[in-house]
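Morning, everyone. I have one chain to walk through today. Please bring it up on the screen.

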Amino acid sequence: MPAFANIVILTGAGLSAESGVATFRDKGGIWAKYDYRDVATPEGFAKNPKLVHEFYNMRRRAHADVKPNAAHLALARLERDYPGNVTIVTQNVDALHEQAGSTKLIHMHGEIFGALCDTCRARRHWTEDLSLDLACPTCGHKGGMRPDVVWFGEMPYHMARIAGLLAAADLFISIGTSGNVYPAAGFVAEAAANGARTVELNLEPSEGISLFSEAIHGPATQVVPAYVDRLIAEAAG
Ligand code: APR
């Protein structure tokens, strides 16, 4: 079977679940403990910036100790060993794809180890706690430093580049996402409309399951390495 020329892989929180990173909508997930309107919207930040900083400082500290799992490592192997282009578009703000060795990677919802100044929009790598007491190292404004994470109601990053990738994709794989949040949840339809084969690798059927030409359900650390092995073997065959 000829190799796919352009593989686009959308990943979500389920990919990092087995690394010990909480998902959002599973039982006991993040949105069962916090109201997203309080901690993941510009309005929430304006109303109670201290709460938002506490929420992300807790997540940033928790992310410092997690490691990539077999699914992250398999996706890095696919980029390295597959004869076609492989690009990951991740909704995740963790750094586990990078730590696993993936390099062709787009963080459409930003990064937990990033800080953004609400005044001058300067962005920088950031691993410490953020607080209202901090002044922006670029413009000096105090109180506007926020996590460089895309909140509900904000435009995800790199959308034009993602549209180009979806237009050129001949294989679209969705991994570990519930298909609840747009625009990411609409990528499968966009890829299919452009003639791509669409595959879901997830613990259970997502909201968009009917839009996929194939689905393999199970834990990411099992189904992703197996699917990567199959893709590489088919391309070699
Ligand atoms: N292996 C594979 N899939 C898993 C695993 C696992 N071990 N554990 C959970 N899942 C699946 C769940 O079945 C679910 O479909 O991962 C998905 C996680 O869904 P969500 O918690 O909704 O996370 P996600 O789809 O990434 O959320 C999208 O919503 O809150 C916003 O910005 C946030 O990027 C996030 C976006």
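**Backbone, cysteines and overall build**

Start with His158, which sits in the loop between strand S6 (145-149) and helix H8 (159-168). Helices (H or I, at least four residues) and strands (E, at least two) are DSSP runs, numbered from the N terminus.

A word on the source. This is a predicted model; local features need pLDDT of at least 70, side-chain atom pairs count only at pLDDT 80 or more, and totals for chains, interfaces and linings use all residues. Residues are numbered from 1 along each chain as its sequence is written, and side-chain values use heavy atoms, with hydrogens and water left out.

Back to His158. Its phi is near 60 degrees, a positive value in a residue other than glycine. His158 is partly exposed, because its relative accessibility is 39%. The cut-offs: buried is under 20% relative accessible area, exposed is over 50%, and partly exposed lies in between, with a 1.4 Å probe and protein chains only.

Which other residue has a positive phi although it is not a glycine? Arg121, at about 65 degrees. Look for Arg121 in the loop between strand S4 (110-117) and strand S5 (123-125). Arg121 has a relative accessible area of 45%, so it is partly exposed.

One more backbone point. The peptide bond joining Tyr182 and Pro183 is cis, with omega about 5 degrees. Pro183 belongs to the loop between strand S7 (171-175) and helix H9 (187-193).

Now the cysteines. A disulfide is a covalent bond between the sulfur atoms of two cysteines. Here the rule is a pair of cysteine sulfur atoms within 2.5 Å. How many disulfides does that rule give? The count is zero. Take Cys120: the nearest cysteine sulfur is that of Cys136, 3.7 Å away, and Cys120 is in no disulfide. Cys136 is in no disulfide either; its nearest cysteine sulfur is that of Cys120. Are these two buried or exposed? Cys120 is partly exposed, at 31% relative accessible area. Cys136 has 3% relative accessibility, so it counts as buried.

Next, Gly144. It lies in the loop between S5 and S6. Gly144 is buried, because its relative accessible area is 6%. Which residues does Gly144 touch, leaving aside neighbours within four places in sequence? Leu116, Cys117 and Asp118 are in contact with it, where contact means heavy atoms within 4.5 Å. Glu207 is another matter: Gly144 and Glu207 are 63 residues apart in sequence, and their C-alpha atoms are 36 Å apart in space.

Zoom out to the whole chain. It has 10 helices and nine strands. The C-alpha trace spans about 60 × 35 × 30 Å along its principal axes. A compact globule of 237 residues would have a radius of gyration near 18 Å, and the chain has 18 Å, so the two agree. That radius is taken over C-alpha atoms, and the globule rule is 2.2 Å times the number of residues to the power 0.38.

Of the 237 residues, 49% count as buried. Among contacts between residues at least 6 apart in sequence, 65% join residues at least 24 apart.

Last, charge. The chain has 21 positive and 26 negative side chains, with the centres of the two sets 4 Å apart. Lys and Arg count as positive, Asp and Glu as negative; His and the chain ends are not counted. Each charge is placed at NZ of Lys, CZ of Arg, CG of Asp or CD of Glu.
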